[in-house]
Amino acid sequence: MALVKCDGVCKSYGKNSILKDINLEIPKGKIIGLLGPNGSGKTTLIKIINGLLETNSGTVLVNGEKIGINSKKVISYLPERPYVNFNMSVKELINYFSDFYDNFDSDVAYKLLEKLNLNPNDKLNTMSKGMKEKVQLILVMSRKADLYILDEPIGGVDPATRDYILDTILTNFNDGASVIISTHLINDIEKILDEVIFIKDGSIYLTGDADELRTSRGMSIDEIFREEFKC
Amino acid sequence: MLGKVLKYDLKSMGKSLFPLYAGLLGLALVLKFIGFIADNVSAFSFIYSIMFLFFIILVVGGLFYTFFVAIMRYYKNLYSDEGYLTHTLPVSAGSLLFSKVLSSLIYIILSAAISFISIIIVLGFNDVFNVLKEGLEFFSLCSGMSVGTITLLAIFLLLLSYICYVLMVYTGISLGNMHSKNKITFSVVYTVAIYYVTQILGVLMLGIIFLINPDIMSQLDQAIPDKKYFMWVMGAGIGLNIALVLVCYFICYNRLKHLNLS
């Protein structure tokens with residue numbers, strides 16, 4: 001059984017169609033790149049899988065169940081925007097995650113914070129943008145989830161922070177879990193991807209195994225992206 | 001999970017409200033002290049008057065601030081960026097909404113209690129008690145109920161009205177967030193529209209009561225109106241408020257169940 005199964009998913013705002021008949025299966029144990037230019041529908045699809053948006057038609061199943069409390073228990077989601085209360089300290093946020101998610105491991109979170117020399121008593125509103133993003137990533141990756149969905153985790157951060165983020169993802173995701181990384185900065189994540197999903201104008205444009213695509217096309221995923229989405 | 005959601009709602013609102021409570025009680029004690037001095041030193045009477053005015057503003061403002069904090073908690077936690085976390089917690093929409101309503105109720109009771117205690121500190125227990133007693137005895141005469149019953153009924157009515165206003169704004173925010181742009185403007189427009197609809201419903205209901213009981217008009221100039229009419233108006237008011245609470249609660253719940261956080 002697929003971890004996530006999207007069947008005929010459509011989403012529109014008024015007359016503006018954002019997702020058009022998305023049919024997709026996310027397998028277990030893979031790192032998947034959800035790739036597409038800005039405004040292609042990546043974030044909308046991610047929000048639907050997380051239960052933040054309703055579809056106009058079609059169904060989304062996670063572990064064979066409709067989106068709901070059970071799917072939220074197994075999905076660890078990092079949105080593209082800051083989403084925690086900045087008036088809380090890191091320690092308070094760890095307690096918050098620990099209270100609500102049975103699969104949250106506080107020890108992992110504290111170890112990752114220690115590597116950053118971060119004081120858990122510091123409030124997020126005293127930190128830089130990059131540091132806030134790192135804290136949010138630590139919270140998300142400290143869960144033993146079935147699926148990690150990371151929406152633009154490396155957008156708007158310096159190259160050193162990008163390396164830190166990718167390293168944190170790779171070394172902390174749960175064994176047997178899948179990771180969906182949405183981005184348009186393909187070059188930076190190409191080396192870690194098992195599979196890719198290209199999304200264009202709200203439709204699935206291309207899917208496949210990253211290595212097979214590279215071999216069959218004789219170019220990198222980044223180059224395939226640039227060719228397919230040439231302006 | 002309701003208990004956990006409630007814990008964080010209470011904590012978050014408490015961060016904004018506990019400094020107010022400390023300020024209110026502190027000012028009441030200072031005012032009491034200055035009151036003692038003003039009894040003997042006339043120069044302090046002016047300072048006492050100014051501070052008393054400020055105290056009254058703080059008491060009334062504090063209750064409005066409690067309302068504002070409850071509304072902001074609802075908006076920020078459910079419909080701002082923070083909603084991305086709240087709505088991905090393994091918690092039902094019913095628990096999220098019930099916790100918001102319950103925490104707003106708990107804090108208005110606490111704010112009212114702190115205000116009451118600080119007024120007693122400043123004015124003394126007997127003076128406050130006598131004013132309240134006179135008011136309650138009047139309503140006891142009007143209704144034919146005992147003072148104890150009418151006290152409980154008054155507390156129930158005040159809390160019901162408060163929750164009604166809180167849910168009206170919650171509903172306005174929930175409906176405003178159905179739009180993809182200008183969400184705050186639409187939230188205000190919906191809230192004002194809901195308020196006016198409830199006012200019109202209230203007037204219509206009074207009109208119906210007057211039609212059913214034409215001789216009720218003769219009661220308007222009575223110092224103590226007939227018990228029957230008093231009960232009619234009060235019963236209708238309670239009924240309308242309960243109906244509004246139920247309708248608004250359902251709309252808020254429905255919007256959370258069919259979330260579109262954009």
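Mentor: Start with helix α1 of chain B, residues 2-40, which has 39 residues. From its first C-alpha to its last it reaches 55 Å, close to the 57 Å expected at 1.5 Å a residue. Keep in mind that this is a predicted model.

Trainee: Where is the kink in α1(B)?
Mentor: At B:Lys15, shortly before the proline B:Pro19, and the kink is about 45 degrees.

Trainee: Which residues of α1(B) are buried?
Mentor: Among them are B:Val5, B:Tyr8, B:Asp9, B:Ser12 and B:Met13. Further along you find B:Leu17, B:Tyr21, B:Leu24, B:Ala28 and B:Leu31.

Trainee: And what do the buried residues of α1(B) pack against?
Mentor: Against α2 (43-79) and α4 (93-123) of chain B, together with α3 of chain A.

Trainee: Take α2(B) then. At what angle do α1(B) and α2(B) pack?
Mentor: About 170 degrees, with the axes 10 Å apart. An angle over 145 degrees counts as roughly antiparallel, so α1(B) and α2(B) are roughly antiparallel to each other.

Trainee: What sort of residues make up the contact of α1(B) with α2(B)?
Mentor: There are 21 nonpolar residues, seven polar and two charged.

Trainee: How do α5(B) and α6(B) cross?
Mentor: Helix α5 (residues 125-143) and helix α6 (residues 147-176) of chain B have axes that come within 9 Å and cross at roughly 105 degrees. That makes α5(B) roughly perpendicular to α6(B).

Trainee: Which residues meet there, between α5(B) and α6(B)?
Mentor: From α5(B), they are B:Leu136, B:Glu137, B:Phe139, B:Ser140 and B:Ser143. On the α6(B) side they meet B:Val147, B:Ile150 and B:Thr151. By class, that contact has four nonpolar residues, three polar and one charged.

Trainee: Stepping back, how many helices and strands does chain B have?
Mentor: Eight helices and zero strands. The C-alpha trace of chain B spans about 65 × 55 × 30 Å along its principal axes.

Trainee: How much of chain B is buried?
Mentor: Of its 262 residues, 27% count as buried. As for contacts in chain B with a separation of 6 or more, residues 24 or more positions apart account for 71% of them.

Trainee: Last thing, backbone angles. What is phi of A:Glu152?
Mentor: Near 50 degrees, a positive value in a residue other than glycine. A:Glu152 lies in the loop between β7 (147-151) and α6 (159-172) of chain A.

Trainee: Is A:Glu152 buried or exposed?
Mentor: Buried, because A:Glu152 has 20 other C-beta atoms within 10 Å, and the cut-off for buried is 20 or more.

Trainee: And what about phi in B:Asn182?
Mentor: Phi of B:Asn182 is also near 50 degrees, again positive in a residue other than glycine. B:Asn182 lies in the loop between α6 and α7 (183-212) of chain B.

Trainee: Why does B:Asn182 count as exposed?
Mentor: Because B:Asn182 has 11 C-beta neighbours inside 10 Å, and 12 or fewer counts as exposed.

How values were computed: Residues numbered from 1 in each chain as written. Chains lettered and ligands numbered in written order. Predicted model: local features only at pLDDT ≥ 70, side-chain atom pairs only at ≥ 80, totals over all residues. Axes fitted to C-alpha atoms, helices over the stretch in contact; angles between N-to-C directions. Helix = DSSP H or I, 4+ residues; strand = E, 2+ residues; numbered from the N terminus. Parallel < 35°, antiparallel > 145°, perpendicular 65-115°, else oblique. Contact = placed C-beta atoms within 7 Å. Nonpolar A, V, L, I, M, F, W, Y, C, P; charged D, E, K, R; others polar. Expected span 1.5 Å × (residues − 1). Bend = angle between axes of the 7 residues up to and from the residue.
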